[in-house]
Each structure stands twice: as structure tokens, then as C-alpha cells.
Amino acid sequence: MSDAHLTERSLAGGREPVELTEEPIQLSTRDSGGDPDEQSAGWSRRRKIGWTVALVVGLAGAGVLGVGGWRIAQQKDTQLTSPEQVAGLTRDDSERAKSTADYLRSGLAADIELDRSFGTVYRDPADDKRSVLVFGGTTLLWQPERDLDSLFRLMSDETGAVSGLREVPAGDLGGVMKCGNTSGEGGDFAVCGWADHGSVVMAMFPGRSVDDAGGLLRNLRADMQSRG
């Protein structure tokens, strides 16, 4: 037996020895990495789609904020007055009427912090039993409908549940207006209110239906409310 070192022996069959290098051995003929240019293009398309979606969503959100901001700016500077004559009614300046109006105004101001508040009783010349009690005030309201709903809940606590509450047309001044029915010492009566980003007002209409009360409140509002 030859004592020559194993590495000095010739390989059977005359095959060339396998040269080992530091490069990794590829076990598959598939290209695992793919073409770098194609991979880069794929990621680039994904980024473009992602940015496009983000831009569309952002523009939609900006549009909503823009409309909401414009509406707030338009409605926030509101003034309310109590004319002597309005919508065919006459302001009742008697002490009893003033006391009633002030009581309602105070209850409203305790629930919502207002910059200015008022309360007025308007007498119907055709029927004293159909006098209208109006009370409310002005302030910046971020969520007018929420604040109006809270006043209807307050009304329910004071007079009994307001039933059949529904939204009615608010008219040219916008915002939200709702009406329902409740009851008091004098029997059932309609109660309506409006709210926008600058004002919130409630009114009680003894002896009138909800439809009549809603129409009358729109007329009252048109003469009582103005914007600076």
C-alpha cells in the first residue's frame, strides 16, 4: 500500500476535482431574486398606487372639512331679536309673560352655555290661548343637532316626554329644525326648535299641530334671526 498522501492520489476515471470556492452553491435553477429592474418597477407601482389612494382620501377629507368650515364661518355670527310684531303675532310685555319667558330662558341657559339668551311670549290676537313661548340664545355650536336634541330631552324632563319628534324643513337659514308633541297643564301642544352653528331656539305652541308649529317657527325665525 502506498503511503502517499491522499491528496496526491489521482482520481478514478480521470475526473477533474471539484473546486470549492467561497461562493454559495446554487441548489436550484430558479432565479430566486428575479430581475432587479423588474422588482424595483413592481415596488414603484405599489408606491404610486398607495400614494394615489392616500391623496384621494386626503382630498375627500379636505373637501368635507372645507364645506363644514365654510358653514361654520357663515352661521357663527348670529343675532337674535324679539320684534314687537312678528309673523302676525304681538309681543306680550306683561309681567306674567316676562316671568314665564325668563323662567324658560334660565332653564335653557343652565343646560347650554350661551353668549346671549332671551325669552319672549308672543300673543295671538285671534286667540289668547294660542300664545307662543320662544326662548333661546346665541353662541358658537360645533354640533347643532346634538345640542338641539339635548334641549328636547330637557323639555321632556320639564313637561313630560316629547313624542313624535321629527325633523322638519329648516328654511333658507339652514341648520336643523325639529318638532314634536308634549303635554302640560293646558293640554297637549307642539314644541319645535332650531339650531345652527350660531344659535339654538325652542318654542312652545299651545293649540297648534306640529305642521302648523313648524311653519310658524320658520316665519318667526325669518324675522328674528340675522347674521353679521
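Strands S6 and S7 (residues 176-184) pair in the antiparallel sense over four bridges, where helices (H or I, at least four residues) and strands (E, at least two) are DSSP runs numbered from the N terminus, and two strands count as paired if DSSP finds at least two bridges between them. Within this pairing, Met177 of S7 is the bridge partner of Val168. The model is a predicted one, in which local features need pLDDT of at least 70 and side-chain atom pairs count only at pLDDT 80 or more, while totals for chains, interfaces and linings use all residues. Residues are numbered from 1 along each chain as its sequence is written, and side-chain values use heavy atoms, with hydrogens and water left out.

Both strands belong to an open sheet of eight strands, ordered S2-S3-S4-S5-S9-S8-S7-S6 with antiparallel pairing. Its edges are formed by strand S2 (85-86) and strand S6 (163-168), each of which pairs on one side only. In general, strands of a sheet pair through backbone hydrogen bonds, either parallel or antiparallel. Strand S3 (residues 89-91) is joined to S4 by two bridges in an antiparallel arrangement, and Arg123 in S4 is the bridge partner of Thr90. S4 and S5 also run antiparallel and are joined by seven bridges; here Val121 stands opposite Leu133 in S5.

The chain as a whole contains four helices and 10 strands. From the N terminus on, its elements follow the order α-β-β-β-α-β-β-α-β-β-β-β-α-β.

Val134 is in contact (heavy atoms within 4.5 Å) with Phe118, Gly119, Thr120, Tyr122, Val201, Met202, Ala203, Leu220 and Met224, not counting residues up to four places away in sequence. In H4, the buried residues (under 20% relative accessible area, against over 50% for exposed and in between for partly exposed, with a 1.4 Å probe and protein chains only) are Val210, Ala213, Gly214, Gly215, Leu216, Leu217, Leu220, Arg221 and Met224. The 15 residues of H4 should span 21 Å at 1.5 Å a residue, and the end C-alpha atoms of H4 are 20 Å apart, which agrees; the expected span is 1.5 Å times one less than the number of residues.

Buried residues make up 32% of the 228 residues in the chain. Of the contacts between residues at least 6 apart in sequence, 61% join residues at least 24 apart. The accessible surface, from the Shrake-Rupley method with a 1.4 Å probe, comes to about 15000 Å², and 52% of this area belongs to carbon and sulfur atoms.

The mean pLDDT (the predictor's confidence in each residue, from 0 to 100) is 78 for the chain, with 68% of its residues reaching 70 or more. Confidence is lowest in helix H1 (residues 36-75), at a mean of 56, and highest in S3, at 97. Over residues 1-11, pLDDT stays under 50, and the model has four contacts beyond four places in sequence for this segment. Residues 56-65 likewise stay under 50, with zero contacts beyond four places in sequence.
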